[in-house]
Structure formats: structure tokens, C-alpha cells
Amino acid sequence: MGHRDRDRRDLRVLLKMSGSRIRNHIRTLRFAAGEMTQQELADRVGVTRQTINAIEGGKYSPTLEVAFQIAGAFGVALDRVFEYDAPAQRAKKR
């Protein structure tokens with residue numbers, strides 16, 4: 001499967017993040033990893049640069065599999081790459 005096919009597949013399963021409370025630290029991690037380019041990260045993860053750009057820019061949320069692959073590319077835990085700010089209402093119910 002080529003990068004374009006993977007990108008189309010990934011973009012179909014990515015969720016639109018409008019108003020999402022998910023944040024990521026991909027840009028910071030890329031630069032901490034010797035100024036890794038989006039293309040280099042995409043090659044390591046097996047998606048296109050456009051997919052990495054959309055995730056990094058907060059336009060899309062990756063699948064769980066892609067999120068773990070991104071964390072693995074940096075050699076860090078998933079929660080070092082992505083953060084979820086739970087709505088205050090959910091926190092109050094606990």
C-alpha cells in the first residue's frame with residue numbers, strides 16, 4: 001500500500017477535532033529530535049506528510065494506532081505526545 005492510499009485510509013478514519021480538547025506536542029517533539037521534518041515523521045509512522053500536518057495542526061485526531069506509532073517514533077509514552085482536557089462536568093461527576 002502506497003503513502004497516498006494510507007493517507008486516504010487514515011483521513012477517512014480521522015475524526016474532525018472542531019472544539020476538541022485534545023492537544024499534541026508533535027512540533028516540540030520533532031524539534032527536540034534533531035529538527036525532524038514532518039516528512040521524516042510520516043515515513044517512520046507510515047502515513048503522508050499531509051496527515052502529520054493535519055494532526056500536528058489540530059485539524060484531525062489520529063486513530064489510536066497512528067497515535068501509538070507517533071509516540072513510538074519519538075520513543076516516548078502516548079501521554080507525552082497527546083493530552084486530553086476532560087470537560088469540567090465529567091470531572092465533577094467523579
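## Ground rules and overall layout

Two residues are in contact here when they have heavy atoms within 4.5 Å. With that in hand, 68% of the protein's contacts with a separation of 6 or more come from residues 24 or more positions apart. What you're looking at is a predicted model, where local features need pLDDT of at least 70, side-chain atom pairs count only at pLDDT 80 or more, and totals for chains, interfaces and linings use all residues. Residues are numbered from 1 along each chain as its sequence is written, and side-chain values use heavy atoms, with hydrogens and water left out.

The protein has 7 helices and 4 strands, and from the N terminus on the order is α-β-β-α-α-α-β-α-α-β-α. Helices (H or I, at least four residues) and strands (E, at least two) are DSSP runs, numbered from the N terminus.

## Surface and burial

Of the 94 residues, 34% are buried. Buried means under 20% relative accessible area, exposed means over 50%, and partly exposed sits in between (1.4 Å probe, protein chains only). The accessible surface comes to about 6300 Å², with 48% of that belonging to carbon and sulfur atoms; the areas come from the Shrake-Rupley method with a 1.4 Å probe, and for residues only the protein chains shown count as cover.

## Helix 3 against helix 4

Helix 3 (residues 38-45) packs on helix 4 (residues 49-56) at about 105°, and the two axes are 8 Å apart. That angle makes the two helices roughly perpendicular, a label that covers 65 to 115 degrees (under 35 is roughly parallel, over 145 roughly antiparallel, the rest oblique). Axes are lines fitted to C-alpha atoms, for helices over the stretch in contact, and angles run from 0 to 180 degrees between N-to-C directions.

Helix 3 brings Gln38, Gln39, Leu41 and Ala42 to the contact, while helix 4 brings Arg49, Ile52, Asn53 and Glu56. By type, that's 3 nonpolar, 3 polar and 2 charged residues. The nonpolar class is Ala, Val, Leu, Ile, Met, Phe, Trp, Tyr, Cys and Pro; Asp, Glu, Lys and Arg are charged, and the others, Gly among them, are polar. In helix 4, the buried residues include Ile52 and Glu56, along with Thr51, Ala54 and Ile55. After helix 4 comes Gly58, with a positive phi near 75°.

## Salt bridges

The whole structure holds 3 salt bridges, each a side-chain nitrogen of Lys or Arg within 4 Å of a carboxyl oxygen of Asp or Glu. Glu83 pairs with Arg23, with the closest N and O atoms 2.7 Å apart. Glu83 is in strand 4 (residues 82-84) and Arg23 in strand 2 (residues 22-24), so this pair ties together parts 60 residues apart in sequence. Arg23 also meets Asp85 at 3.2 Å, N to O. Asp85 sits in the loop between strand 4 and helix 7 (88-93), 62 residues from Arg23. Relative accessibility is 28% for Glu83, 43% for Arg23 and 32% for Asp85.

Arg30 lies in helix 2 (residues 26-32) and Glu56 in helix 4, so the bridge joins parts 26 residues apart in sequence. Both Glu56 and Arg30 are buried.
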